[in-house]
Amino acid sequence: MTLLTAIPCLASSFTGQVIKISDGDTIQVLDSGRPVKIRLAEIDCPETSHGPKKPGQPFGQAAKKFVLDLVGGRTVRVDVVTKDRYGRISGKVLLDDGTL
C-alpha cells in the first residue's frame, strides 16, 4: 500500500469548498471537513506578503483578488498533481463547469 491511498486528501482527486485564498497561487479547500492547502499546479503568482515588515510583490493583491473572485467560497474539484517539499499539495482546481 502506498501513502497516496493511506491519506484521503492525497487521492487522485477530491471535491470540496474553497475556504481561504492565501494568495494568487495558494488556496485552502475542505476535504471531508479538513482544510487542505493547495498550491495551484502550473501557476506562479506574485506573493501578497513576505512577513510583517516586507511588503508583497507588485500585483500580489490583484492576483489574490482574481482567485478570490473566481473560486472563493465555491465547491471545486482538486486533481492532485504532486506533493511539494513543504507538504503542500499541488493540484489543478476545476469549477463545476470544468473550467480550470
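Lys 65 and Asp 69 are four residues apart in helix H2, so about one helical turn separates them. Helices (H or I, at least four residues) and strands (E, at least two) are DSSP runs, numbered from the N terminus. The two side chains form a salt bridge with the closest N and O atoms 2.7 Å apart; a salt bridge is a side-chain nitrogen of Lys or Arg within 4 Å of a carboxyl oxygen of Asp or Glu. Lys 65 is partly exposed at 48% relative accessibility, and Asp 69 is exposed at 53%. Here buried means under 20% relative accessible area, exposed over 50%, and partly exposed in between (1.4 Å probe, protein chains only).

This is a predicted model, in which local features need pLDDT of at least 70 and side-chain atom pairs count only at pLDDT 80 or more, while totals for chains, interfaces and linings use all residues. Residues are numbered from 1 along each chain as its sequence is written, and side-chain values use heavy atoms, with hydrogens and water left out.

The structure holds four salt bridges. One of them joins Arg 39 and Asp 25, with 3.4 Å between the closest N and O atoms. Arg 39 lies in strand E3 and Asp 25 in the loop between E1 and E2, so this pair ties together parts 14 residues apart in sequence. Asp 25 is buried, with a relative accessible area of 0%.

Arg 39 also meets Thr 26, through a side-chain polar contact of 3.3 Å. A polar contact is a pair of N or O atoms within 3.5 Å; within protein, one must be able to donate a hydrogen and the other to accept it, and residues adjacent in sequence count only if both atoms are side-chain atoms. Thr 26 belongs to strand E2 (residues 26-31) and is buried at 4% relative accessibility. The backbone nitrogen of Thr 26 is reached by the side chain of Asp 23 at 3.2 Å. Asp 23 sits in strand E1 (residues 13-23).

Strand E5 (residues 89-94) has five of its six residues buried, so the rest of the structure largely encloses it. Strand E3 (residues 34-40) runs parallel to E5, joined by three bridges; two strands pair if DSSP finds at least two bridges between them. Arg 39 has Ser 90 as its bridge partner in E5. Strand E4 (residues 75-83) pairs with E5 in the antiparallel sense over six bridges, and Arg 77 is partnered with Leu 94.
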